[in-house]
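Please look over the sequence and the structure shown below before reading on. The report that follows goes from the overall plan to single residues.

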Amino acid sequence: MTESGLSSAPATPPRRDLCGAMHVHRRLLNESMTYRAQRARIENRALQYETGRRSSIRRGVLTIPVVVHVVHNPDNPEQNIDDEQIRSQFTVLNQDFRAANPDVSQVPDVWKPLVADTQVEFQLASEDPLGRPTSGIVRVETDQEGFDTDDAVKSANSGGADPWPSDQYLNMWVCQLVGGLLGYAQFPGGPPQTDGVVILHSAFGTTGTAAFPFDGGRTAVHEIGHWLDLFHIWGDDDGACSNDDRVADTPNQADHNLGAPAFPHVTCNNGPNGDMFMNYMDYVDDRAMFLFTKGQSERMNACLEGTRASFIVARHGAAVPAGKPAAAAASAGAGGGNGGKSAHDGEVERLLNDSERLTIEVLSEIRDALGLVTGRSRT
């Protein structure tokens with residue numbers, strides 16, 4: 001795509017190394033004390049899962065309801081992608097997150113034992129926030145030629161579409177992006193009004209406007225990986241080999257990979273097997289990425305049982321009524337009809353307690369920050 005958004009057939013395909021998730025992450029770290037505090041807690045929780053001090057309580061497949069906001073300029077009708085293209089993206093998501101993708105067989109033998117079924121699936125929402133039937137697809141016209149990582153696409157006031165409650169739905173915005181961006185996501189812990197993922201329409205799904213080499217639906221897989229707290233596999237340290245993705249079973253590598261590399265590709269003294277460039281969190285072409293690892297799946301569990309626990313609570317505590325927080329709804333329905341509690345109820349209650357504790361801590365951080373601004377301290 002050109003930056004003007006007027007061409008649907010770019011001569012030079014956009015580069016996945018312009019995924020904007022880290023731009024958003026660093027901006028929020030600079031702007032928000034609350035986000036910094038939240039991220040510290042999220043990393044501490046993830047470390048507990050990685051080191052075995054805490055284990056996942058999740059059982060069975062978690063299905064996350066999704067709303068797709070198609071934000072399109074009428075002057076460029078190709079941006080208004082059809083329902084078939086949207087459905088094709090969900091086929092890819094549910095294959096890739098369940099390790100049921102046909103090309104998983106191309107994972108090198110040395111890493112096949114690490115391939116993870118994350119036990120996460122995605123479906124278009126069947127009810128809107130008011131409990132009314134919905135297709136899960138919202139179409140909004142815009143006069144904007146394209147969007148960047150400033151989150152303008154996430155607000156009607158700036159030419160985009162307002163999100164649905166982000167504790168109940170994964171919000172996905174599909175639109176024209178500028179500067180070669182394929183997509184970006186907000187890591188857990190950020191503002192709820194901008195929570196979700198944004199995808200270039202020509203890198204979404206496998207039909208319609210989806211364009212080679214990003215026509216395999218893997219941009220959304222990559223960005224939802226960020227939404228579930230996965231970092232880029234090389235650690236975003238510009239080739240220094242000093243940082244990693246905070247997952248033990250993904251080899252440290254120098255930088256992102258592009259195209260479709262040949263195995264092995266050795267960097268950062270990570271031989272003989274080299275980079276796990278076929279991981280969804282690298283930048284290779286869609287046809288060259290095949291797996292999440294067990295370590296990445298455990299990090300997702302830490303996220304789903306922590307910051308994003310509302311999705312588990314909503315599933316096991318019955319549907320969340322419109323306008324009612326997921327935690328409150330689950331609290332009301334946690335006990336059985338006989339007044340007793342099953343072991344599973346206890347697990348859900350633990351998630352609720354963790355969520356309430358994190359909320360209290362964040363509110364405390366906000367009060368402290370306000371005290372610093374006004375010259376007062378909390379007693």
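This is a predicted model: local features need pLDDT of at least 70, side-chain atom pairs count only at pLDDT 80 or more; totals for chains, interfaces and linings use all residues.

## Overall plan

The protein chain counts 379 residues, of which 51% are buried. Among the contacts in the protein chain with a separation of 6 or more, 70% are between residues 24 or more positions apart.

## Helices that cross

The axes of helix 2 (residues 33-50) and helix 5 (residues 294-304) come within 9 Å, and they cross at roughly 130°. Because of that angle, helix 2 is oblique to helix 5, and the crossing of these two helices is right-handed. Where they meet, helix 2 contributes Arg39, Glu43, Arg45, Ala46 and Tyr49, while helix 5 contributes Glu298, Arg299, Asn301 and Ala302.

Helix 3 and helix 4 also have axes that come within 9 Å, with a crossing angle of roughly 55°. This angle makes helix 3 oblique to helix 4, and helix 3 passes helix 4 in a right-handed crossing. The contact involves Gln89, Val92, Leu93 and Asp96 on the side of helix 3, and Arg218, Ala220, Val221 and Ile224 on the side of helix 4.

## Aromatic rings

A pair of aromatic rings is described by the distance of the centres and the angle of the planes. How many aromatic pairs does a search of the whole structure find? The search finds eight aromatic pairs, and one of them is formed by Phe97 and Phe122, whose ring centres lie 5.0 Å apart with 70° between the planes, an edge-to-face arrangement. This pair links distant parts of the chain, since Phe97 is in the loop between helix 3 (83-96) and strand 2 (120-124), whereas Phe122 is in strand 2, 25 residues apart. Both Phe97 and Phe122 are buried.

Trp227 and Phe311 form an aromatic pair that is edge-to-face as well, with 5.6 Å from centre to centre and 70° between the planes. The partners of this pair come from distant parts of the chain, Trp227 from helix 4 (residues 218-227) and Phe311 from helix 6 (residues 310-316), and they are 84 residues apart. Trp227 counts as buried because its relative accessible area is 0%, and Phe311 is buried too, because its relative accessible area is 6%. Ring pairs also join Phe97, Phe122, Tyr280 and Phe292 into a cluster. A charged residue meets a ring elsewhere: Arg246 lies over the face of Phe231, at 4.7 Å from the ring centre.

## Buried residues in loops

Met289 is in the loop between helix 4 and helix 5, and Met289 counts as buried because its relative accessibility is 0%. The C-alpha atoms of Met289 and Met278 are separated by 4.1 Å, although these residues are 11 residues apart along the chain.

Leu182 is in the loop between strand 4 (170-175) and strand 5 (183-185), and a relative accessible area of 1% is the reason that Leu182 counts as buried. From C-alpha to C-alpha, Leu182 and His201 are 8.6 Å apart in space, and in sequence they are 19 residues apart.

## Backbone details

Which form does the peptide bond from Phe263 to Pro264 take? That peptide bond is cis, with omega near -5°, and Pro264 lies in the loop between helix 4 and helix 5. The peptide bond from Gly271 to Pro272 is likewise cis, with omega near 5°, and Pro272 is also found in the loop between helix 4 and helix 5.

Gln119 is not a glycine, yet Gln119 has a positive phi of about 60°; this residue is in the loop between helix 3 and strand 2. Gln119 is partly exposed, because its relative accessible area is 24%. Asp151, another residue other than glycine, has a positive phi near 70° and lies in the loop between strand 3 (137-141) and strand 4. With a relative accessibility of 10%, Asp151 counts as buried.

Key
Residues are numbered from 1 along each chain as its sequence is written. Side-chain values use heavy atoms; hydrogens and water are left out. Rings of Phe, Tyr and Trp (its six-membered ring) pair if their centres lie within 6.5 Å; planes under 30 degrees apart count as stacked, over 60 as edge-to-face and the rest as tilted. Helices (H or I, at least four residues) and strands (E, at least two) are DSSP runs, numbered from the N terminus. Buried means under 20% relative accessible area, exposed over 50%, partly exposed in between (1.4 Å probe, protein chains only). A charge sits over a ring if NZ of Lys or CZ of Arg is within 6 Å of the ring centre and within 35 degrees of the ring normal. Axes are lines fitted to C-alpha atoms, for helices over the stretch in contact, and angles run from 0 to 180 degrees between N-to-C directions. Angles under 35 degrees count as roughly parallel, over 145 as roughly antiparallel, 65 to 115 as roughly perpendicular and the rest as oblique. A crossing is left-handed if the near helix is turned anticlockwise from the far one by less than a right angle, and right-handed if clockwise. Contact means heavy atoms within 4.5 Å.
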